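Have the viewer open and follow along.

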Amino acid sequence: MPERTVEPAANSRADLDLVIVTGASGGGRSTVAKALENVGYYVVDNLPESLLVTMAELAFESGEATRRTAMVLDVRSHAFTADLVGAVDDLKDRGFKPRVVFVDAEEDILVRRFEKVRRAHPLQGSGRILDGIAAERELLAAARETADALIDTSHLNENQLRARVEELFAPADARKLRITTLSFGFKYGIPLDADFVVDVRFLPNPYWIPELRDHTGTEEAVSQYVLRQPGAEEFIGGYAGLIASTASGFEREGKRYVTVAVGCTGGKHRSVAIAEALALALRDNGLSAYPHHRDMGLE
């Protein structure tokens with residue numbers, strides 16, 4: 001496990017780095033919890049929202065040891081109710097500034113995950129897995145809608161999800177807007193967590209170039225081919241400027257994470273190269289931006 005970063009004790013409740021993790025059963029909460037531990041968070045698992053304020057106060061009073069605290073909420077807790085939004089508002093009223101992370105996945109993916117481990121959904125009762133998923137979605141709808149960060153785990157393995165969380169919650173720039181340029185393939189579906197969706201299929205596809213077909217957009221030959229196409233540089237510069245112009249507004253509204261989904265057909269060539277270049281252009285605009293490639297390697 002990486003060495004923990006020593007953080008100063010919180011002087012006010014707003015200084016406490018408080019993260020609340022919730023979301024769909026089977027969505028990957030346990031992996032998110034482990035990843036948060038890896039970047040120095042004190043993690044409390046399976047906590048009912050009725051104890052959020054109590055736990056936050058204890059974390060604040062404990063000083064340096066719990067300067068960065070994450071609380072994972074689970075519908076399997078018998079004390080879980082639907083009022084997570086109210087509990088978070090209560091924290092804010094008391095001076096805390098929690099960040100809520102919601103993990104989710106496509107319905108068919110969740111079903112396959114439960115079938116793989118031969119485990120019932122915690123809310124299905126005498127019904128089907130789909131019934132449990134539907135009941136949980138209704139229970140968590142408000143929390144999903146108001147979450148600071150939505151992480152779609154449908155096409156992520158454990159290592160990829162862990163890397164995504166560590167990228168978002170590493171100590172540096174923890175309070176600033178963080179932008180992810182997420183490449184994907186349209187044939188695998190649009191990411192659930194996208195704030196912006198960009199279609200780069202207007203560029204020629206390197207797949208039809210035999211010497212480029214088996215390579216990816218992270219490799220120089222493919223990247224150069226894509227970026228040298230007419231309109232590519234103009235597109236990157238223009239879109240980076242558009243995103244940069246929205247950053248201050250997102251920050252004023254309290255949004256800390258923005259996902260720009262960049263799509264091509266298979267998520268291997270064009271979208272990867274453009275996502276990499278767009279992240280670099282955003283950093284040139286003074287923003288915290290990181291590329292992530294959802295579907296690279298699936299073909």
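A residue is called buried here when its relative accessible area is under 20%, exposed when it is over 50%, and partly exposed in between (1.4 Å probe, protein chains only). Helices (H or I, at least four residues) and strands (E, at least two) are DSSP runs, numbered from the N terminus. Keep in mind that this is a predicted model: local features need pLDDT of at least 70, side-chain atom pairs count only at pLDDT 80 or more, and totals for chains, interfaces and linings use all residues. Residues are numbered from 1 along each chain as its sequence is written, and side-chain values use heavy atoms, with hydrogens and water left out.

Start with helix H7, residues 220–227, where Val222, Ser223, Val226 and Leu227 are buried. These four sit on the same side of H7, because they cover an arc of only 120° around the axis (the arc is that of the directions from the helix axis to the C-beta atoms).

What do the buried residues of H7 pack against? Their partners are helix H8 (232–252) and helix H9 (270–284), with contact meaning heavy atoms within 4.5 Å. On the H9 side, Ser223, Val226 and Leu227 of H7 meet Arg270, Ala273, Ile274 and Ala277. The axes of H7 and H9 are 9 Å apart and cross at an angle of about 85°. Axes are lines fitted to C-alpha atoms, for helices over the stretch in contact, and angles run from 0 to 180 degrees between N-to-C directions. That makes H7 and H9 roughly perpendicular, a label for angles of 65 to 115 degrees.

Finally, two loops. Most residues other than glycine have a negative phi. Asn46, though not a glycine, has a positive phi of about 55°; look for Asn46 in the loop between strand E2 (42–44) and helix H2 (52–62). Arg118 has a positive phi too, near 55°, and lies in the loop between H4 and H5. Asn46 is partly exposed at 41% relative accessibility, while Arg118 is exposed at 81%.

Terms used: Parallel < 35°, antiparallel > 145°, perpendicular 65-115°, else oblique.
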